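Please look at the sequence and the structure together, and keep both in view while you read.

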Amino acid sequence: MLGAVQLGLFAAGVVLFVPMGMAGWHLSRNKMLFFSCALFITLAVGVHLVPYFPSVTSFLSSGSGSISGSDSSSSVIVNRDSCFSLLHQVAFDFQELSNNSKRGSWKWVESENVVDCDFQKLTKNDASDLLNGSWVVVAGDSQARLMVVSLLELLLGEFKMEIIKKDLFLRHSNYNIFVDEIGMKLDFIWAPYMSNLTDLIMGFKEKKSYPDVFVMGAGLWDMLHVNNASEYGVSLKSLKDSVVLLLPVSSAFANGDGSGTNNVVPVRSPNLFWLGMPKLISSMLKTDEKREKMNDVMWQAYNDELYRSKLLQQSGGPLLLLDVHSLSNKCGADCTSDGMHYQGAVYEAAVHIMLNGLLIESNQKL
């Protein structure tokens, strides 16, 4: 667009000043008028035809700073994917409290690549603008509930959070809230097993009603009460098939590698996130059963099944991972009292990673 404007200005200059120059050569008025008209028509036709010749348009755009050529488009995709891969590059710091405990805080590391991505901790106003008018669904176990707590703390502030915390922490229950100020609806769905998530997705499909942002994750309850990684893997693949049906977009994810060919014109694609399981510190778990079943070996087996299922974008699927394991591992034992539920800093970081992921996905800047 900018290149066409520049060309138009150039053409106008030629039409204006060339005849003036010709007048200096004492050409007759009729000859000068004829030449001016011919020149104007030629340039006008040229300007209107330029957009239909990609090589010319690309050349004009390359000089104006816009991105339109194939090489430039590729570089944008590379940068976008690179920034997605750097979202979890965070570090934690601790403040000593009077009761001999520590309170964690976090920030993105200041490496050159991370700085180039311009990740930001969103303010209440920034997050409100981003989620304005949205329907957000978070489904899963207690890890998902803690994610909701951090998101609402950002959107509502401490005072309003104190009012709703009792209802939000009702054991094994759903929670719903409508934030009037920004027209955002948030649903927390208690869904500790994979089958719960699959049923929820099929319900969306049947109602033809999809959230704008959908965060889901389950595994801890399965690990404790079923303790079979292979069965968990089967459930993950079933969930992935259901998610593909949920998407009002291309069937490219059906094969797990983005190779689908029967594309459908998108209606509205929800932003999908997978909330990963945390780092499990066996020695701090509260019961013998948990210490026996929820160990590093079993966690790794469950995580391997997650990647084999091709549910995550990192393995060719539709969901972006919110890597709570990486975050909680960096925060460490000082961030947990029971070996599986971590301080708010971990889930706050996950919320901001999600919000920055939404900004990248929608090509927005604050």
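In this predicted model, helix 6 and helix 7 pack with their axes 8 Å apart and at an angle of about 110°, where axes are lines fitted to C-alpha atoms, for helices over the stretch in contact, and angles run from 0 to 180 degrees between N-to-C directions. Helix 6 and helix 7 are therefore roughly perpendicular to each other, given that angles of 65 to 115 degrees count as roughly perpendicular, those under 35 as roughly parallel, those over 145 as roughly antiparallel, and the rest as oblique. Helices here are DSSP runs of H or I with at least four residues, strands are runs of E with at least two, and both are numbered from the N terminus. On the side of helix 6, the contact is made by Lys 124, Ala 127, Ser 128 and Leu 131, and on the side of helix 7 by Leu 151, Leu 154, Leu 155 and Leu 156, contact meaning heavy atoms within 4.5 Å. By class, this contact of helix 6 with helix 7 has 6 nonpolar, 1 polar and 1 charged residues; Ala, Val, Leu, Ile, Met, Phe, Trp, Tyr, Cys and Pro count as nonpolar, Asp, Glu, Lys and Arg as charged, and the others, Gly among them, as polar.

The loop between helix 6 (124-131) and strand 3 (135-140) holds Ser 134. Ser 134 is buried, with a relative accessible area of 11%, where buried means under 20%, exposed over 50%, and partly exposed in between, using a 1.4 Å probe and protein chains only. When its neighbours within four places in sequence are left aside, Ser 134 is in contact with Gly 183, Met 184, Lys 185 and Asp 212.

How do helix 7 and helix 8 pack, and at what angle? The angle is about 155°, and the axes are 9 Å apart, which makes helix 7 roughly antiparallel to helix 8. From helix 7, Arg 145, Val 148, Val 149, Leu 152, Glu 153 and Leu 156 meet Glu 158, Lys 160, Met 161, Ile 164, Lys 165 and Leu 168 of helix 8. The contact of helix 7 with helix 8 has, by class, 7 nonpolar, no polar and 5 charged residues.

Within helix 8 (residues 158-168), Met 161, Ile 164 and Leu 168 are buried. Seen down the axis of helix 8, these buried residues fall within an arc of 90°, so they line one face of the helix; the arc is that of the directions from the helix axis to the C-beta atoms. An α-helix has 3.6 residues a turn, so residues three or four places apart point the same way. The buried residues of helix 8 pack against helix 7 (142-156) and strand 4 (175-179), whereas Phe 159, Glu 162, Ile 163 and Lys 166, on the other side of helix 8, are exposed.

Another pair is helix 9 (residues 194-207) and helix 11 (residues 229-246), whose axes come within 9 Å and cross at roughly 15°. That makes helix 9 roughly parallel to helix 11. By class, the contact of helix 9 with helix 11 has 11 nonpolar, 4 polar and 1 charged residues.

For the chain as a whole, the secondary structure comes to 15 helices and 8 strands, and buried residues make up 43% of the 366 residues.

Residues are numbered from 1 along each chain as its sequence is written. Local features need pLDDT of at least 70 and side-chain atom pairs count only at pLDDT 80 or more, while totals for chains, interfaces and linings use all residues, and side-chain values use heavy atoms, with hydrogens and water left out.
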